[in-house]
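Welcome! Take a moment to look at the sequence and the model, then read on.

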Amino acid sequence: MMLHTLVSSSSSLFSPYCSSASYRLNPLLVSKPRRGVKLFPRWHFSPFRIRPLAAAAATENGVFTSPEMAKSFDFTSEERIYNWWESQGYFRPNFDQGSDPFVISMPPPNVTGSLHMGHAMFVTLEDIMVRYHRMKGRPTLWLPGTDHAGIATQLVVERMLASEGIKRVDLSRDEFTNRVWKWKEKFGGTIANQIRRLGASCDWTREHFTLDEQLSRAVIEAFVRLHEKGLIYQGSYLVNWSPNLQTAVSDLEVEYSEESGTLYHIKYRVAGSDYLTIATTRPETLFGDVAIAVHPKDDRYSKYIGMMAIVPMTYGRHVPIISDRQVDKDFGTGVLKISPGHDHNDYLLARKLGLPILNVMNKDGTLNEVAGLYCGLDRFEARKKLWADLEETGLAVKKQPHTLRVPRSQRGGEIIEPLVSRQWFVSMEPLAEKALLAVEKGELSIIPERFEKIYNHWLSNIKDWCISRQLWWGHRIPVWYIVGKDFEEEYIVARSADEAREKACQKYGKDVEIYQDPDVLDTWFSSALWPFSTLGWPDVSAEDFKRFYPTTMLETGHDILFFWVARMVMMGIEFTGTIPFSYIYLHGLIRDSQVSVVHE
């Protein structure tokens with residue numbers, strides 16, 4: 001019913017244009033109408049004659065004929081038939097009828113991907129829509145492409161290098177990215193060829209890759225414009241850090257799972273001779289404690305408020321005992337250790353109260369010099385050693401089983417470490433307001449409608465987007481720093497290295513030295529521009545942009561409503577002044593581990 005609503009329009013499927021369009025689509029199945037023959041004779045609804053399906057055989061001129069009905073379908077002919085369809089241009093938009101185009105931008109699968117049932121689902125749904133409108137004579141564009149998949153692709157190539165005994169850090173950045181491009185040229189076409197084997201009728205002459213020249217130019221332009229409007233900024237904030245991948249990841253790239261863990265009860269000596277017992281699931285972060293907090297109405301601890309406590313195993317480092325209503329009296333002992341450098345809630349509390357932020361973790365997940373004797377130990381090794389030492393000194397009270405909500409990297413699967421790090425962010429609230437208004441005013445329809453509430457809730461509570469990634473594969477951030485200057489204060493945003501140098505020389509003199517930010521942009525940043533960057537933007541005079549933008553439909557799984565869909569809406573409105581599509585059609589997910597579909 002929902003799909004019927006999307007593909008329906010006022011004109012009949014059996015319009016005067018239908019038979020000619022169908023003939024162009026597949027001359028094997030549909031006869032071309034003869035002149036003078038009425039398409040709709042009274043009481044006989046037969047707009048075109050269907051040729052019998054049969055085993056296809058190629059003639060010398062490349063046209064496939066079906067001389068007789070076969071007992072079974074000859075699957076070996078599928079690829080030849082598809083190649084012929086493609087070679088004849090049947091999947092390209094035809095403007096003979098002059099009506100408004102029907103346009104879908106294919107969700108770009110990762111270049112590392114292989115076909116699975118999820119791909120088969122979106123290809124089937126989109127192909128139904130596209131073929132329906134094409135057969136009605138409507139100019140139809142289904143634009144395909146692939147995503148460079150920053151983290152996933154870099155991981156694949158790093159594993160390949162490891163099999164050769166090579167580490168990424170053994171190579172220069174250029175050497176590594178050259179290896180990735182070679183890998184992409186050799187294996188990157190797998191998913192596109194598999195989609196072809198499904199019979200997807202998309203226009204491969206317009207295929208794009210998120211790192212190709214046109215889309216890279218769009219990414220740089222988008223960054224520059226957002227920065228000029230004050231919507232991109234740099235700063236040191238608590239982010240989700242992946243120690244194995246050695247990069248920050250966004251909130252949306254962290255998956256939480258319920259896992260069995262341990263709650264550790266530890267004594268903190270209060271100045272004098274008394275003790276407070278705290279309960280924590282991560283004792284190794286105590287080296288980053290800057291306060292002990294209790295609830296202001298918890299009578300058990302009210303007498304301690306304003307006193308000082310000594311952090312265990314830190315050679316007598318004192319921290320204040322404070323009160324705050326955010327402390328859960330019923331969790332653990334009701335006494336909370338505040339480690340703002342390693343916990344999101346503690347970080348927000350510290351920012352509110354003006355507490356210092358102490359980082360005890362290196363970027364590889366080992367403890368740093370703040371941890372004293374535990375410096376250099378992996379975070380989980382440090383946890384075991386610390387607990388043993390606490391037991392030996394009599395400061396360990398007990399440990400008990402506890403179910404944890406563990407944050408894991410969506411890509412690498414490792415446990416994410418909250419870590420203060422200098423990153424680039426997009427201020428999202430001004431962008432989200434316009435995206436919310438588009439749905440409210442009915443300019444943008446979400447199907448099924450129940451996802452409107454989810455869309456509105458997320459955009460109404462949106463956080464700033466961390467867009468920098470500490471990778472080598474991806475769109476390099478178009479920012480240059482001045483040698484010898486504070487990189488957080490003195491930097492240049494430019495569309496190219498030449499432009500950056502020219503700006504630097506004007507400001508600092510001709511002898512100035514500059515270097516580019518080593519980070520790359522989040523893969524989803526380039527994907528957010530997909531509906532219009534693939535059509536020529538920022539060149540708004542490009543023929544495809546004028547003809548096909550805004551697009552008609554965005555069809556994808558509901559799991560990337562925030563990762564991708566909402567961001568496309570925000571960026572489309574920001575950079576083009578209009579919504580990038582009129583309809584969002586969200587399909588369900590196939591939740592089965594055995595869902596791969598192999599087409600070679």
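## A first look inside

Trp 85 is buried, and Phe 91 is buried as well; buried stands for under 20% relative accessible area, exposed for over 50%, and partly exposed for what falls in between, with a 1.4 Å probe and protein chains only. Before going further, please note that this is a predicted model, in which local features need pLDDT of at least 70, side-chain atom pairs count only at pLDDT 80 or more, and totals for chains, interfaces and linings use all residues. Residues are numbered from 1 along each chain as its sequence is written, and side-chain values use heavy atoms, with hydrogens and water left out.

## Aromatic pairs

The whole structure holds 25 aromatic pairs. Rings of Phe, Tyr and Trp (its six-membered ring) pair if their centres lie within 6.5 Å; planes under 30 degrees apart are stacked, over 60 edge-to-face, and the rest tilted. Here are two of the pairs.

| Pair | Centre to centre | Angle between planes | Type |
|---|---|---|---|
| Trp 85 and Phe 91 | 6.2 Å | 75° | edge-to-face |
| Phe 532 and Tyr 549 | 5.9 Å | 75° | edge-to-face |

Phe 532 sits in helix α15 (residues 530–533) and Tyr 549 in the loop between α16 (543–548) and β24 (553–557), so their pair ties together parts 17 residues apart in sequence. Phe 532 is buried, with a relative accessible area of 0%, and Tyr 549 counts as buried at 9%. Elsewhere, Phe 223, Trp 424, Tyr 481, Tyr 491 and Tyr 515 form one aromatic cluster.

## The chain as a whole

The chain has 17 helices and 25 strands, which are DSSP runs numbered from the N terminus (helices: H or I, at least four residues; strands: E, at least two). Of its 600 residues, 50% are buried. Contact means heavy atoms within 4.5 Å; among contacts between residues at least 6 apart in sequence, 74% join residues at least 24 apart.

## Nonpolar cores

Which residues have the most contacts inside the largest nonpolar core? They are Phe 223, Tyr 455, Leu 459, Phe 525, Met 570 and Met 571, in a core of 65 residues. A nonpolar core is a set of buried Ala, Val, Leu, Ile, Met, Phe, Trp, Tyr and Cys residues joined through side-chain atoms within 4.5 Å. Helix α17 (residues 561–576) gives this core its largest share, twelve residues. Apart from this core lies another, of 34 residues, including Trp 241, Ile 278, Val 335 and Leu 367. Leu 459 touches Ala 432, Ala 435, Leu 436, Ala 566 and Met 570, leaving aside residues up to four places away in sequence.

Helix α6 (residues 173–187) has 15 residues and reaches 21 Å from its first C-alpha to its last. In α6, the buried residues are Arg 173, Phe 176, Thr 177, Val 180, Trp 183 and Lys 184. They cover an arc of only 110° around the axis, so they lie on the same side of α6; the arc is that of the directions from the helix axis to the C-beta atoms. Asp 174, Lys 182, Glu 185 and Lys 186 are exposed on the other side of α6. The buried residues of α6 pack against α5 (150–163), β6 (208–209) and β23 (520–521).

## An exposed loop residue

Is Asn 244 buried or exposed? Asn 244 is exposed, with a relative accessible area of 63%, and is found in the loop between β7 (232–242) and β8 (247–249).

Key. Expected span 1.5 Å × (residues − 1).
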